[in-house]
Amino acid sequence: MSALLPAALHAHGTSHEVIEAVSREITARPDEASLYLRRAFLHLEHGDWHACLLDTDEAERRQTADLGVGVIRGRALAAGGQFVEAKAVLDAFVVAHPAHAAGLMERARVRGALGQKAEAADDFVRAMAHTPQPEPDHVFELAGFLCRAGREPDAVAAIDSALTTAPAQPALVERAVQIEAELGHFDAALRRLDGAMRVVKMKEPLLAKRAALLAQAGRIRESMAAWRELQARVASLPEAERDSHAMSALAEQTRHALAALGNFRP
């Protein structure tokens, strides 16, 4: 979607100022469809889906080539809670442009809102197939659609595929671990964490995940040992690092976890 409107995305000033600037351009060049589409996108980003729809109408009346109007109109209708109407618009767009990743992603979101879990997952899978370099957020979203459709192994596989090109992504590793833990695959989740800790510089957050996962698996003594290891590791850090917000939060989490586990009686 962002590729459609680079000028709008990189403009400076408040949203009102940018909208006013584009409006002045429209006054100077009232027959240029791309300007209406830029303003439609800005209205949508500002939360005014009604104004967005009006500008997509103006853009469509003037365009000589497809500028992705259907995608933005679908987003606007969805933002207004008009999911059935949004799906109809996006259905037509996807029929005309079956390899348009942004269109497929938007339809997946609308289908998800309509409770069409399997179809939403299929759409997002198709979208990712047409996205050469997906953002981590897209991988997260894909995993969410697949899990809601009951396709947890596919979600883990999608994350693994993303990690082959960029292995040092702790957030993606944690999502895969979460899915595996929900499936009861604790050994696989622990192996994944161990592998991730070999490639990341800041190991402490993953160590906390590992300790919590051991407790979730019922391995209480191992969990307590892992929390104590993390506690010692944080305490040994230089003062500036130890007193950072992230490390202070981990130290507090460790204290709470050890106190809770110390009271555990199997």
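V110 makes contact with A78, F83, A86, K87 and L90, once residues within four places in sequence are set aside. V110 sits in helix α7. This residue is buried, at a relative accessible area of 2%. Between V110 and R75 lie 35 residues in sequence, yet the C-alpha atoms are 8.5 Å apart in space. This is a predicted model.

**Confidence**

The mean pLDDT of the chain is 90. A value of 70 or more is reached by 92% of the residues. Residues 1-12 have a pLDDT below 50. That stretch still shows 18 contacts in the model beyond near neighbours in sequence. Where pLDDT is low, predicted coordinates should not be read in detail.

**Around helix α5**

V110 belongs to α7, and α7 (101-113) is one of the helices that the buried residues of α5 pack against. The others are α3 (33-45), α4 (49-62) and α6 (83-96). Helix α5 spans residues 69-79. How many of its 11 residues are buried? The count is 9, and the helix is mostly covered. The buried residues are V69, G70, V71, I72, R73, G74, A76, L77 and A78. A78 is also among the contacts of V110. After α5 comes G81, with a positive phi near 80°.

Helix α3 holds H43. Is H43 buried or exposed? H43 counts as buried because its relative accessibility is 13%, under the 20% cut-off. Beyond four places in sequence, H43 touches I19, D48, A51, C52 and D55.

Helix α6 holds A88. A88 is partly exposed, since its relative accessibility is 46%, which lies between the 20% and 50% limits. A88 and E106 are 18 residues apart along the chain. Their C-alpha atoms are separated by 12 Å.

**Around helix α11**

Helix α11 covers residues 170-182. It has 13 residues and reaches 18 Å from its first C-alpha to its last. That is close to the 18 Å expected at 1.5 Å a residue. Its buried residues are L172, V173, R175, A176, V177, I179, E180 and A181. They pack against α9 (136-148), α10 (152-165), α12 (186-197) and α13 (204-216). G184 follows α11, and its phi is positive, near 85°.

A158 lies in α10. A158 is buried because its relative accessible area is 19%, and the cut-off is 20%. Leaving out residues within four places in sequence, A158 contacts V139, L142 and L146. A158 and A143 are 15 residues apart in sequence. In space they are 7.1 Å apart, C-alpha to C-alpha.

**Nonpolar cores**

The largest nonpolar core has 51 residues. Which residues have the most contacts inside it? They are F124, I159, I179, L213 and W227. I179 is also one of the buried residues of α11. A second, separate core has 23 residues and includes L35, W49, L53 and I72. I72 is also on the list of buried residues in α5. In soluble globular proteins, nonpolar side chains tend to be buried together.

W227 contacts A208, A211, A212, Q253, T254, A257, L258 and L261, apart from its neighbours within four places in sequence. T254 belongs to helix α16 (residues 245-262). T254 is buried, with 1% relative accessible area. Outside four places in sequence, T254 touches W227, L230 and Q231.

**Accessibility of the residues discussed**

| Residue | Relative accessibility | State |
|---|---|---|
| T254 | 1% | buried |
| V110 | 2% | buried |
| H43 | 13% | buried |
| A158 | 19% | buried |
| A88 | 46% | partly exposed |

**Aromatic and charged groups**

How many aromatic pairs does the structure hold? It holds 1. Separately, a charge sits over a ring at R148. The charged end of R148 lies over the ring of F145, 5.0 Å from its centre.

Methods
Residues numbered from 1 in each chain as written. Heavy atoms only, no water. Core = buried A, V, L, I, M, F, W, Y, C linked by side-chain atoms within 4.5 Å. Buried < 20%, exposed > 50% of the residue type's maximum accessible area, 1.4 Å probe, protein only. Contact = heavy atoms within 4.5 Å. Phe/Tyr/Trp six-rings, centres within 6.5 Å; stacked < 30°, edge-to-face > 60°. Lys NZ or Arg CZ within 6 Å of the ring centre and 35° of its normal. Helix = DSSP H or I, 4+ residues; strand = E, 2+ residues; numbered from the N terminus. pLDDT = per-residue confidence, 0-100. Expected span 1.5 Å × (residues − 1).
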